[in-house]
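The exercises below are to be worked with the sequence and the 3D structure open. Each task is followed by a solution in steps.

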Amino acid sequence: MIGQAQTGPAHNAVLTRWDPVSGSAHLHWHGPGTAKRRRTQFASRVLLSFTGNRLCAIDLFDCPDSLARVRADNIAAHGVPIFDAGWLWLPLAPGQVTKRLAGHGDIEVVMAGETLAEVRVTTRLLWNRPGPQPPPVGALDGTAALSGVELVALDLDGTVLDSTAAIPSRVRTAVHAAARSGVRPVFVTGRPLADTVALLHAAGLRGHTACSNGAIVLDESGQVLHRRAIDGERAAAVRQILQSRFPELVLGAVDESRLFLDPGFPADLAHDWHSQLCAGTVSEALDDGRVLKILAAHPASAAQELAPAVSDALGCEYVVTYSTQRFLEISHAQATKGTALAAVASAAGVPLTAVAAVGDMPNDLPMLQLSALAVAVGNAHPLVLDAAALIVPGNDHDGVAELLDAVRAARRNRAQEKDQKDQKDQRGTSCKTRS
């Protein structure tokens, strides 16, 4: 149970309410102190540290200077709160940290004379990966990185879209707000081009767009920046290898506006993309030489089981991935979400060190690995969760909105800190001039 951590009879903290799906937590820390009390309220970055399922420390990173008297002679003293340059550390229990949950929250601090008497925290959390414990002041590694984000690459299905294949209103609002604040949204999906353009237009969303796992990339005006099709010769070679090595496979093909499926392909794909389904055969589409992606479904094997064997058979000239367990997606070697993201970042003039990416399935891994901040939604595939530096709530709980709101808040805090520093420097220069 994640619930209570003790530091002794006079200090304890209780996690009064915890929702692991939405990432919201309410905590109440209280210590000794019977003198007259005064309250201070503020917003802060929050870090919760756990030993197993036991809450062992709370870090607050944006505290007002009015808390400066919360201090101990020995900074390593267990159970003693420490305040240092806006950072308040509340150690609660011994033990090696195995998990950290980081985010932003509303804080209420109660002082009894010069003693810290109570801390109440209500926070929405970004979920950091378990890992070695860094030094306390630098512990907020994933969230601190948010302040430098200028471009966010967003997968659609399973990430932006909820389980009903709709874009939640809160996510739409967060995307618009991020764009207004200077954070560029980029939509990077395995969906076909025509379907993606229609979906984003209906939701009122604009931005660079990469479709068919990065085989085609458009700028904000709809101009093609990058296209990596499978020509007729390569398509014929793929078909021959698949038919000879995996005769039970059923094939499909996708170009910029059409979907071709052989009989026996999973029917739900035809239903989802019925507006693009063509009467022609997959063989005709492959001969055409403009295919962006070849699909392959097996009647008895999931995509995860089939992918390694198909990849070995096709070799390094092709990328084999999947965004669902129902079928594989085969593309040109240079048609990945990573190469698409690189093309967009270059065109937008944004360095990769200022790029974040969020996804849920293995076809998202190339862009997660390329970005400075890799983020997974809580419902993501285990491979994606393992690759992520941050995990946000799932697609049915507005995880993308949580991420974008946190990026805006971190950028706003950084700008305010810079303004305060500039003003302080100006005052210092003015004083020197007068003297």
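**Exercise 1. A salt bridge in a predicted model**

Task: The model is predicted.

Solution. 
Step 1. E256 sits in the loop between β15 and β16, while R227 belongs to strand β14 (residues 224–227), so the pair ties together parts that are 29 residues apart in sequence.
Step 2. R227 has a relative accessible area of 40% and is therefore partly exposed.

**Exercise 2. Further salt bridges**

Task: State how many salt bridges the structure holds. Then describe the pair R239 and D287, the pair R290 and D288, and the network that includes R170.

Solution. 
Step 1. The structure holds 17 salt bridges.
Step 2. In the pair of R239 and D287, the closest N and O atoms are 3.4 Å apart.
Step 3. R239 counts as buried because its relative accessibility is 16%, whereas D287, at 52%, counts as exposed.
Step 4. R290 and D288 meet through their side chains in a salt bridge of 2.8 Å, N to O.
Step 5. R290 counts as exposed at 51% relative accessibility, and D288 as partly exposed at 38%.
Step 6. A network of salt bridges links R170, E402, D405 and R408.

**Exercise 3. The antiparallel sheet**

Task: Give the strand order of the open sheet of five strands, and explain why β16 and β18 stand at the edges. Then place helices α5 and α8 relative to β18.

Solution. 
Step 1. The order is β16-β15-β17-β19-β18, and the pairing is antiparallel.
Step 2. β16 (259–261) and β18 (318–324) each have a single partner strand, so one side of each is left without a neighbour in the sheet.
Step 3. Direction ignored, neighbouring strands of this sheet are turned by 25° against each other on average.
Step 4. The partner of β18 is strand β19 (residues 327–332), and the two pair in the antiparallel sense over five bridges. V319 stands opposite S331 in β19.
Step 5. Helix α5 (residues 232–245) lies across β15 (250–254), β17 (293–297), β18 and β19, and runs at about 70° to β18.
Step 6. Helix α8 (residues 303–314) lies across β18 and β19, running at about 170° to β18.

**Exercise 4. The parallel strands around β11**

Task: Trace the pairing of β11 with β10 and with β12, and state how many of the residues of β11 are buried.

Solution. 
Step 1. Strand β11 (residues 184–188) is mostly covered, with four of its five residues buried.
Step 2. β10 pairs with β11 in the parallel sense over four bridges, and L154 stands opposite F187 in β11.
Step 3. β11 also pairs with strand β12 (residues 208–211), again in the parallel sense, over three bridges. Here the bridge partner of F187 is T209 in β12.

**Exercise 5. Cysteines**

Task: Count the disulfides and classify C211 and C316 as buried or exposed.

Solution. 
Step 1. The cut-off for a disulfide is a pair of cysteine sulfur atoms within 2.5 Å, and by this rule the count is zero.
Step 2. C211 has 0% relative accessibility and therefore counts as buried.
Step 3. C316 has 74% and therefore counts as exposed.

**Exercise 6. Confidence**

Task: Find where confidence is lowest and where it is highest, and list stretches with pLDDT below 50.

Solution. 
Step 1. The mean pLDDT of the protein is 81, and 81% of its residues reach 70 or more.
Step 2. Confidence is lowest in strand β1 (residues 4–8), with a mean of 36, and highest in strand β10 (residues 151–154), at 98.
Step 3. The pLDDT is below 50 over residues 1–11; this stretch has 38 contacts in the model beyond near neighbours in sequence.
Step 4. Residues 71–78 also stay under 50, and for them the model has 13 contacts beyond four places in sequence.

Terms used
Residues numbered from 1 in each chain as written. Predicted model: local features only at pLDDT ≥ 70, side-chain atom pairs only at ≥ 80, totals over all residues. Heavy atoms only, no water. pLDDT = per-residue confidence, 0-100. Contact = heavy atoms within 4.5 Å. Buried < 20%, exposed > 50% of the residue type's maximum accessible area, 1.4 Å probe, protein only. Pairing = 2+ DSSP bridges. Axes fitted to C-alpha atoms, helices over the stretch in contact; angles between N-to-C directions. Salt bridge = Lys/Arg side-chain N within 4 Å of Asp/Glu carboxyl O.
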